[in-house]
Amino acid sequence: MSKGPPERYFRTPVTAPGPQGGDMLRAFGLIRTNPLAFLEQTWHELGDVVQFPIPSPPSYLISDPEAVDRVLRVNQRAYGKRTIQYTSLSLVTGEGLLTADTEAWRQQRRVVQPAFHPTQVEKVADHVAVSCARLDGEWSALPDGTVIDVDAAMMHTALEVVGRALFGTDLSGDAATLAHATLAALDVVVGKARNPLSPPLWVPTPGNLTLRRSLSILDGAVERMLAERRLRPVGIEREPDMLDLLVEGFGGGGPVRNQMVTFLVAGHETVASALTWSWHLLDTSPDAAAMLRDEALTVLGDRDATFADFPHLPYARAVVDEALRLYPPAWLITRKAHEDDVLAGHTVPAGALVIISPWIVHRHPDLWPDPERFEPSRFLGTGASDSNRTGYLPFGSGPRMCIGRDFALLEATLIMSSLARRWTFEGVDAASVHAEPLVTVRPRDGLPMRVRRLVADEG
Ligand code: HEM
């Protein structure tokens, strides 16, 4: 790729170095199959502010940590979420908290916030305990050393936890239908976001038909679940869960459906991805795996983790923090500039698309010594309080920061500890594991690992 002077057909002002049109054409295959690899290569070759040779909208890859902080936090009012990434996603979620913009978002956030009050988040620990007991039961029934797909197991577990927290149900019946329809719809949406020539929803392509079918299944399942709840009033037959708080805040209907689907989309695969990559990284670092196990055995002994254990599991938390650095599930964050701004010395005009990749920022050598190295201790001791620092954005930053951050960190930390005290995981072929950027970053063909019961646990 070359920095080259502006090309003649380039109508928008050129304000930053970028690849030439020919380079982009040659990279077309890579952009479609692995956009993350393309972005990383572009960053390596062209630096922290890159402008792509796209006439409209002017499109920038911003990797300078201060500039990223400016877009997401310091000057966030100048940026919105009307980008292809979030518009495609809203085909599934409707206008939920993740995709809503400006004033609509502000109102929604106020209404949704009580569902993420610490008293609600605490309950996640109980849901985790139920899921870990299920996994223990399933794996205990297998011959020691059986190869399982850890990615699939973590997806199932994260779905159970978010399902119980949201709907107060194990994901049977309509809740499972809802989850599967959501995933099928997301697959189509990822394809659409990557293909600028993708036909609109009314054209009956196989993808669009799947999407339409999934959306109508989604809507039907939400309707039935809400109707069923009206028959079981809170306080009499059951404890209030997050969905009750949403219904209370929004009064039911479309807005509740949109938030439910948003939480499933945002709170399921993301956590599963963090867990899966944590196990993979531990497989490459026996010392870190031993530290995690020792901490779990010391703090938990022979029981599963509870909410009260959370502050006493700093190493498990550091493993999760470091896995989120190296494999941030949300590998892409995009914004649309509402007004001109200057980022790292380059003017970014109103209307521009700003692309931020936490995957890249988390590898910035100015902030992260030996960035490719898996080193959980970066987040221990004095470094621990730095997990909100500039240049670390697995949950985004500023007012649009993930509302489920505490939920996710509690869930992932307790799952890692509870499983590490009873099981070891050994990769079947760690070298052949490839990260694939879809809605989140996932291992391309799952993560086959040999699961062994800890000898100490057998006595
Ligand atoms: C490891 C797990 C998770 C990761 C890595 C993650 C990542 C993110 C990121 C990066 C954003 C900001 C996107 C942007 O600025 O454009 C976000 C927003 C959001 N996340 Fe998460 N998330 C996780 C777990 C969860 C969970 C468990 C839930 C809910 C149960 C959730 C719900 C949301 C919602 C509703 C938003 C939109 C917030 C707003 O704009 O007000 N996330 N998440």
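Q: Start with T102. Is T102 buried, exposed or partly exposed?
A: T102 counts as partly exposed, because its relative accessibility is 39%. Buried means under 20% relative accessible area, exposed over 50%, and partly exposed in between, with a 1.4 Å probe and protein chains only.

Q: Where is T102 found?
A: T102 is found in helix α6. Helices (H or I, at least four residues) and strands (E, at least two) are DSSP runs, numbered from the N terminus.

Q: And what about the phi of T102?
A: It is positive, about 40°, although T102 is not a glycine. Most residues other than glycine have a negative phi.

Q: What kind of model is this, and how are residues numbered?
A: This is a predicted model, where local features need pLDDT of at least 70, side-chain atom pairs count only at pLDDT 80 or more, and totals for chains, interfaces and linings use all residues. Residues are numbered from 1 along each chain as its sequence is written, and side-chain values use heavy atoms, with hydrogens and water left out.

Q: On to the ligand. Which protein atom is the donor of its iron atom?
A: The SG of C402, at 2.3 Å, is the only protein donor. Donors are N, O and S atoms within 2.8 Å of the metal (3.2 Å for Na, K and Ca); water is not among the atoms, so sites may look incomplete.

Q: Where does C402 lie?
A: C402 lies in the loop between α17 (358–361) and α18 (405–420). C402 counts as partly exposed, because its relative accessibility is 33%.

Q: Which residues come nearest to the ligand?
A: Y86, W105, R109, R335 and C402, of the 28 residues around the ligand. A residue is near a molecule or strand if one of its heavy atoms lies within 4 Å of it.

Q: Which side chains have an N or O atom by a ligand oxygen?
A: Among them are R109, at 2.6 Å, and K81, at 3.2 Å. A polar side-chain atom of R335 also lies 2.7 Å from an oxygen atom of the ligand.

Q: Which elements give two or more residues to the shell around the ligand?
A: They are α6 (102–112), α13 (254–267), α14 (269–283), β5 (333–337) and α18. The largest share, four residues, comes from α13.

Q: Why does the ligand lie between the two domains?
A: Because domain 1 (21–106 + 332–360) and domain 2 (109–326 + 373–458) both give residues to the shell around the ligand. The domain bounds come from an automatic or database domain assignment.

Q: Switching topic. How many disulfides are there?
A: The structure holds zero disulfides, a disulfide being a pair of cysteine sulfur atoms within 2.5 Å.

Q: What about C132, buried or exposed?
A: C132 is buried, because its relative accessible area is 1%.

Q: Where is E269?
A: E269 is in helix α14. E269 is buried, with a relative accessible area of 8%. E269 and M154 are 115 residues apart in sequence and 8.8 Å apart in space, C-alpha to C-alpha.

Q: Back to the backbone. Which peptide bond is cis?
A: The bond from S56 to P57 is cis, with omega near -5°. Most peptide bonds are trans. P57 is in the loop between β1 (49–52) and β2 (59–62).

Q: And what is the phi of D370?
A: D370 has a positive phi of about 50°, although it is not a glycine. D370 is found in the loop between α17 and α18. D370 is partly exposed, with a relative accessible area of 49%.

Terms used. Polar contact = N/O pair within 3.5 Å; in protein donor to acceptor, adjacent residues only side chain to side chain.
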